[in-house]
Amino acid sequence: MKFKRHQKQSFIIDSANAFTSGRISKRDFLKKMGVAGVGISAYSAGMLGTSRSFFGNVAHAQENTTPEEVANFLREAGKPYAGATIRYTSEATPPTNVLNELKSEFTALTGINVEIEIVPLEQVLAKATQDVQGQLGTYDIYYLDQAWTSTFSPDTIDPLEYYDANPDLAMPNFDFEDFSKPLVEGICEYNGKWIGLPFDIPIFTMLYRADIFEKHGLEVPTDYEAFTKVAEFITEAEKENNIYGTGLQAKSGHYSLECDWTQAVWGHGGSIFGADKNFSGNDAEGVEGLEWYMNLLNSAPASSVTSTWDGQWQMGASGQVAMMQSWAELFPGWNADDSEVKGLWEVAKPLQGPASLRSRDNVGFGEIPNWGHQGGSSIALSRYSKNIEASWLFLQWACSKDIMTRCTLAGGFAPMRNSSYEDPRIIERKELRGAGTTRHLDTVKWTIDNAMASEPDLPIWAGVANNEIPTELGKLLTGQDYDGNAKKCMDQVAKLVDAVVDEAELG
Amino acid sequence: MAAQAKSGGLPRWLTSEHPLPWLFPVTSLLIVFGLYPVLYSLWLSFYKRNPATRTEKFLPSFNWNKLIGDDRVWDAVQVTFTYAVIALSIQLVLGMLIALLLDSDRKGFGVFRALMTLPLVVPPAVTGMMFLLMYDSSFGVISNSLYALNLLSPDKPILGTGSTALWGVIVADVWQWTPFMVLIMLAGLRALPREPFEAASIDGASSIQSFFFLTLPMMSKIIALAVLVRGIDLFRIFDYVKVMTDSGPGTATETLTAYAGTVYFKSANFSYASTVALATLILVLVVSTVFIKIFKIRF
């Protein structure tokens with residue numbers, strides 16, 4: 001409770017500062033105060049929807065280090081578009097939150113206004129879907145989760161082509177080669193086309209409380225069997241302290257549950273689709289993975305079945321759980337200055353084995369089974385935008401070396417560009433055990449380069465991953481159907497998914 | 001000729017003396033925002049959409065056949081009926097009870113009656129959010145009270161458990177919409193003539209007898225109207241479900257409109273979503289028509 005109170009106070013102070021400095025309106029300020037009166041934890045869980053929590057410090061990125069050459073380019077290139085307003089809608093991911101704070105620098109250079117509408121992920125999908133259906137151009141830029149890459153591929157402009165075709169609008173030294181290759185392939189490439197620029201890379205790693213492991217003399221688990229044993233041990237040993245072995249993002253019908261499930265299947269040697277393009281989550285490996293996951297519910301807080309990644313972050317922040325295999329992006333927030341678990345969480349490589357991964361030849365739709373599920377996203381230029389040129393300038397600025405590095409400095413999340421990892425400011429902070437730490441980034445980079453897994457690329461995947469799969473999994477996990485029988489559930493999912501694939505004539 | 005001359009050459013149906021010009025604005029709005037979307041949905045429902053290629057093929061029976069064979073639709077019908085019947089029954093009984101309590105000219109009762117309007121001005125999505133917080137298993141006042149009373153186990157979050165999630169949503173609906181029933185009932189109660197009650201009182205009828213043999217029969221039309229209006233609302237419930245459970249856990253709280261929303265926004269299958277929405281409309285029309293016939297409601 002003490003932690004929540006502290007968070008609430010910090011929130012109130014931050015909001016008051018934002019109001020007095022003119023960053024938020026009186027109305028927004030009053031709204032925030034009303035919410036603070038109800039409960040800060042619920043604020044991030046509810047009002048912000050299912051956002052990934054950001055408790056970094058934007059002050060770390062406030063020093064304007066935009067190279068003069070880039071600043072001059074933006075001043076000149078932006079002149080014809082001064083006064084234009086570009087809009088995009090995004091989830092409250094850490095980089096988006098930082099960008100929202102820094103965007104005034106772009107406006108100061110170009111005169112182009114930027115409105116970022118921050119909503120929960122499922123609403124981002126709904127809004128983008130409506131926009132492309134009507135080809136409305138309401139949003140100039142789309143924030144696209146990796147699961148939607150193929151879905152929105154026809155609606156975006158290839159940034160490589162646009163860069164080459166419009167030399168007057170091409171930012172000097174933008175350096176496309178600097179983007180991490182695995183990220184480009186996994187997040188924003190589809191059928192040889194870049195649908196946008198990589199912007200965010202949450203990726204599964206092992207996250208654990210070093211103090212609890214030390215207390216019980218535990219080894220950090222490196223495979224799925226060991227993970228279960230350690231989770232069960234901690235749950236039993238820490239019963240009196242109300243600490244669970246692990247926490248899950250198992251909200252029924254939500255994409256977060258689909259992500260957890262996917263990793264469990266891959267980790268047990270299974271895959272979502274077989275080479276015959278039929279759903280294969282119901283084969284022996286798939287069922288074994290799901291059974292492993294179901295068993296973890298016994299070592300996790302009951303709220304796991306109503307939690308997404310945000311709830312999982314809360315579990316870690318409130319000291320309710322001792323380890324989880326989840327997004328590395330959760331880590332920086334636990335190291336914030338006002339965190340009660342500051343410096344206590346550590347990062348390790350994702351679980352590997354004992355099963356072997358299924359080879360890429362034996363899966364369908366470009367799926368990449370591996371140990372580290374990636375949930376990256378890109379930002380893309382809408383084909384229907386009425387401000388394509390202005391939006392392109394913003395996109396380049398947002399994904400430039402300077403801004404991307406500063407986003408990492410502010411939030412501690414993984415950079416998209418290789419050069420950011422070599423930036424002295426990033427390296428310097430590896431020693432930190434508090435706010436602004438980058439000590440997790442070596443593990444994150446290793447996972448990206450060596451163990452990054454990606455979901456299938458098929459145009460209907462956004463629907464399947466957000467609807468059929470997590471809904472049926474929710475029925476199983478909450479006992480609504482299937483009598484706890486994982487195989488029965490997976491057979492039903494197979495029936496539903498194969499029908500959708502057939503209906504879309506993709507089988 | 002005389003009429004045309006009088007109105008400056010305009011035909012009579014275009015003059016202020018004719019009802020048509022007065023009806024025109026609202027009729028236009030109804031056509032644009034009511035009729036057109038329904039017709040467009042109907043048109044969409046006759047096409048098979050391929051979300052992968054974003055192409056449509058004219059296959060008039062495809063979506064309707066799919067609807068009939070879709071287990072989720074039938075589950076949603078069941079949830080919709082359960083939700084509507086339970087919520088409506090509670091709201092009706094509570095509404096009448098509170099209205100009877102507030103039907104008084106004593107000092108201060110006017111304030112209570114005015115307070116009844118407060119929940120009605122809160123947007124349903126905000127109400128959903130409010131209850132979401134109160135149900136939170138860590139700090140929610142409702143959950144923690146139920147834990148303290150041993151009425152609920154902390155292992156079973158209200159909105160995360162199939163057997164309690166629908167009740168959780170219904171409570172939010174009841175909190176917000178019971179005052180609506182109260183206000184309608186109050187209006188009805190205060191319009192009832194005094195004489196029959198005085199006569200019954202002289203004949204020695206108890207309050208309960210007066211209520212069942214006088215109040216209820218005389219209020220029947222008003223009650224029927226209130227049930228009809230709320231019933232239609234309840235059949236197309238969306239906000240609370242979306243905000244509080246997003247149809248979960250599983251499909252335990254998935255109503256027809258929520259399912260249509262899922263098909264539309266998550267699967268981008270606009271034609272099938274339109275079919276589900278139209279099926280909801282047809283269901284509402286059938287149920288309300290039967291209800292109107294049975295209770296002989298006249299507008």
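In this predicted model, helices H9(B) and H11(B) cross with a right-handed sense. H9 of chain B spans residues 162-191 and H11 of chain B spans residues 207-235; their axes come within 10 Å and cross at roughly 155°. Because angles over 145 degrees count as roughly antiparallel, H9(B) is roughly antiparallel to H11(B). On the H9(B) side, the contact is made by Trp177(B), Phe180(B), Met181(B), Ile184(B) and Gly188(B), and H11(B) contributes Met219(B), Ile222(B), Ala226(B) and Arg230(B). By class, this contact of H9(B) with H11(B) holds 7 nonpolar residues, 1 polar and 1 charged.

H11(B) also packs against helix H4 of chain B, residues 71-102. The axes of H4(B) and H11(B) come within 9 Å and cross at roughly 145°, and this crossing is right-handed. From H4(B), the residues in contact are Thr80(B), Tyr83(B), Ala84(B), Ala87(B), Leu88(B), Gln91(B) and Leu92(B). Their partners on H11(B) are Val227(B), Arg230(B), Gly231(B), Leu234(B) and Phe235(B). The residues of the contact of H4(B) with H11(B) divide into 8 nonpolar, 3 polar and 1 charged. Arg230(B) is named in the contact with H9(B) and again in the contact with H4(B).

The next features concern the backbone. Most residues other than glycine have a negative phi, and most peptide bonds are trans. The loop between helix H12 (239-244) and helix H13 (256-265) of chain B, where Pro249(B) lies, holds exceptions of both kinds. Asp246(B), in this loop, has a phi near 50°, a positive value in a residue other than glycine. Ser247(B), also in the loop between H12 and H13, has a positive phi as well, near 80°. The peptide bond from Gly248(B) to Pro249(B) is cis, with omega near -5°.

Pro354(A) is placed in the loop between strand S11 (345-348) and strand S12 (372-373) of chain A.

Conventions
Residues numbered from 1 in each chain as written. Chains lettered and ligands numbered in written order. Predicted model: local features only at pLDDT ≥ 70, side-chain atom pairs only at ≥ 80, totals over all residues. Axes fitted to C-alpha atoms, helices over the stretch in contact; angles between N-to-C directions. Helix = DSSP H or I, 4+ residues; strand = E, 2+ residues; numbered from the N terminus. Parallel < 35°, antiparallel > 145°, perpendicular 65-115°, else oblique. Left-handed = near helix turned anticlockwise from the far one by under 90°. Contact = placed C-beta atoms within 7 Å. Nonpolar A, V, L, I, M, F, W, Y, C, P; charged D, E, K, R; others polar.
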